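Dear colleague,

I am passing on the structure we spoke of, and below it I have set out what was found in it. Please read the notes with the coordinates open beside them.

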Amino acid sequence: MTTLAEADRPVGTLLRHWRERRRMSQLELAGLAEVSARHVSFLETGRSRPTRAMLLRLSEQLDIPLRERNSLLLAGGFAPAYPEHALGDVPMASVAEAIGQILHAHLPAPAVVVDRHWQMVDGNDAVSLLVEGCAPWLLEPPVNVLRLSLHPDGMAPRIANLGRWRAHLLHRLDHQIAVTGDDVLAALAVELAAYPCDDPAGPPEPGALVVPIRLRTDDGELAFLSTTTVFGTPLDVTVAELAIETFHPADAVTAEALRRHGQ
């Protein structure tokens with residue numbers, strides 16, 4: 001949970017916090033929400049009490065995550081607007097089926113499903129290729145895939161371009177923290193940044209379009225490009241926070257190694 005979800009703050013304080021986090025003036029927010037700047041000011045100071053519809057409208061314009069939208073509604077005295085189901089619950093059957101299809105279809109390449117804190121929810125059989133040699137304790141649920149990647153007892157010793165891959169992951173995590181304000185992610189970022197890394201990030205590879213992960217394996221050095229898939233227009237907190245991380249072969253050597261492992 002974030003600080004906003006845990007703390008007993010007035011609804012106006014929460015609105016101001018999210019507006020400032022988005023670096024938006026009262027006038028800018030008012031224009032997007034089609035209300036007056038005076039009304040936004042009154043809501044933030046508590047001189048006016050927001051309606052449920054107004055909180056939802058402002059949340060949309062501020063791009064507040066669904067979990068925190070529920071917290072905002074609760075602070076305003078309203079029931080949450082967005083349900084939160086476990087992936088195994090009956091209403092999530094179609095989502096779970098879609099995830100399973102994606103994981104299976106991506107074989108023989110690795111793919112994992114992660115939640116908002118980068119804990120692995122599911123993965124396909126090819127993930128074993130990535131985690132060979134990792135300390136068993138890092139593979140005990142709940143597995144945090146960022147910790148697994150960068151910990152010296154995890155994948156880090158096998159990542160040939162550790163500095164650049166580490167810089168990529170930390171930058172991505174910093175962006176996520178800026179968007180969500182999540183204290184758990186902030187603590188994770190501090191932890192990961194403290195892990196040893198003798199390999200500086202260095203300049204991008206000549207001609208590179210994206211940052212690959214280059215992994216030393218028994219099949220030689222394999223290179224993967226990663227992509228992220230999220231659900232469009234989610235209306236459930238869990239669905240909004242799930243992401244599917246897929247790894248694609250970046251060269252012919254890697255593609256052939258995956259083909260052999262998939263036989």
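To begin within the sheet, Arg-214 has Ala-223 in β4 as its bridge partner. This is a predicted model, in which local features need pLDDT of at least 70 and side-chain atom pairs count only at pLDDT 80 or more, while totals for chains, interfaces and linings use all residues. Residues are numbered from 1 along each chain as its sequence is written, and side-chain values use heavy atoms, with hydrogens and water left out.

The strands β3 (residues 213-217) and β4 (residues 220-229) pair in the antiparallel sense over 5 bridges, and the two form a hairpin with 2 residues between them. Here strands (E, at least two residues) and helices (H or I, at least four) are DSSP runs numbered from the N terminus, and two strands pair if DSSP finds at least two bridges between them. β4 also pairs with β5 in the antiparallel sense, over 6 bridges, and in that pairing Phe-224 stands opposite Pro-249 in β5. On strand β1 (residues 111-114), which pairs with β5 in the antiparallel sense over 4 bridges, Val-112 stands opposite Glu-245 in β5.

Taken together, 5 strands form an open sheet in the order β2-β1-β5-β4-β3, with antiparallel pairing. Because β2 (120-123) and β3 stand at the edges, each with a single partner strand, one side of each is left without a neighbour in the sheet. From one strand to the next the twist averages 30°.

Among the helices, α3 (residues 26-33) and α5 (residues 52-61) pack at an angle of about 110°, with their axes 9 Å apart; axes are lines fitted to C-alpha atoms, for helices over the stretch in contact, and angles run from 0 to 180 degrees between N-to-C directions. That angle makes α3 roughly perpendicular to α5, a term that covers 65 to 115 degrees.

On a 1 Å grid over the protein atoms alone, a cavity is a set of points where a 1.4 Å probe fits but cannot get out, a pocket is an open set with protein on both sides within 12 Å along at least five of seven lines, and lining residues have an atom within 4 Å of a point. Grid points are joined across faces, edges and corners, and a volume is the space filled by probe spheres set on the points. Of the 19 residues that line the largest cavity, Val-112, Leu-130, Val-145, Ser-149 and Phe-247 are the closest to its centre. Two or more residues of this lining come from each of β1, α8 (127-131), α9 (145-150), α10 and β5.

The largest pocket holds about 770 Å³ of space. It is lined by 32 residues, of which Pro-65, Val-179, Thr-180, Ala-240 and Glu-241 are the closest to its centre. The elements that give two or more residues to this lining are α6 (66-75), α10 (162-180), α12 (237-241) and β5 (243-249), and α10 gives the most, with 5 residues.

The second largest pocket has about 160 Å³ of space, and the residues lining this pocket include Pro-152, Ile-159, Leu-162 and Cys-197.

With kind regards

Key: Parallel < 35°, antiparallel > 145°, perpendicular 65-115°, else oblique.
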